[in-house]
Amino acid sequence: AQALCPPFSIDTALPVPDEPQNYIGLHFDALPAGLESPGGSAMDGADTYYLVSEVVRESGAMLWLERNVCHDERGYPYHEIRAVLLLPALQEKEKLITGTCRVKEAATPEPETASLEAETSSTFFDPAIVAIGWFEDIHEPPVVIHHAWRANAQTESFEVLSPESVTCTGLEGL
């Protein structure tokens with residue numbers, strides 16, 4: 001159990017100027033006017049948990065890596081924005097994919113000797129991986145992955161992944 005939060009202020013307005021790096025260190029109970037978050041995923045850190053959230057604003061979308069700092073007396077989590085990644089504009093049929101991606105397993109010379117444990121672990125999605133992919137049908141896996149990133153809790157940053165190294169599933173795979 002984490003300690004209760006010390007007194008702190010909650011941010012209620014967009015930073016000025018409204019640049020991605022100016023969000024780092026902010027704390028929102030509710031998103032201010034002009035921002036919305038359609039979703040994201042949670043991931044474990046060394047001594048806390050993190051949220052990877054898609055945040056949309058008029059000038060474009062971004063990813064936030066938010067660290068849970070503490071919980072208030074009601075148990076409400078207090079998150080601090082630790083990293084921000086400005087996302088490229090989505091092209092036609094492209095979607096941001098969160099929660100259903102993983103790094104592809106490297107090919108092994110003798111797949112029949114691979115352990116069941118290795119096969120099983122390779123099928124789990126990694127909540128830290130976010131990708132942008134082109135879909136023919138949103139219920140099927142993407143045809144092409146154009147961009148991919150991994151949120152790194154240790155460094156509190158976003159790392160670029162090779163799109164070819166990532167595989168994701170469509171909505172039916174959930």
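How many salt bridges does the count come to by the rule I applied? I took a salt bridge as a side-chain nitrogen of Lys or Arg within 4 Å of a carboxyl oxygen of Asp or Glu. By this rule I recorded eight salt bridges.

Basis. I worked on a predicted model, in which local features need pLDDT of at least 70, side-chain atom pairs count only at pLDDT 80 or more, and totals for chains, interfaces and linings use all residues. Residues are numbered from 1 along each chain as its sequence is written, and side-chain values use heavy atoms, with hydrogens and water left out.

Entry on E156. I found E156 in a salt bridge with R67, with 3.3 Å between the closest N and O atoms. E156 sits in the loop between strand 8 (144-152) and strand 9 (157-161) and R67 in strand 3 (residues 60-71), so the pair ties together parts 89 residues apart in sequence. Strands are DSSP runs (E, at least two residues), numbered from the N terminus. E156 is buried at a relative accessible area of 16%; I used under 20% for buried, over 50% for exposed and partly exposed in between (1.4 Å probe, protein chains only).

Entry on E80. I noted a salt bridge from E80 to R82, the closest N and O atoms being 2.5 Å apart. E80 is buried at 18%, whereas R82 is partly exposed at 28% relative accessibility.

Entry on the network. I traced D47, R67, E80, R82 and E156 as linked in a network of salt bridges.

Entry on E136. I listed a salt bridge between E136 and K93 at 3.5 Å, N to O. E136 is exposed at 55% relative accessibility, and K93 is partly exposed at 37%.

Definitions and conventions: Helices (H or I, at least four residues) and strands (E, at least two) are DSSP runs, numbered from the N terminus.
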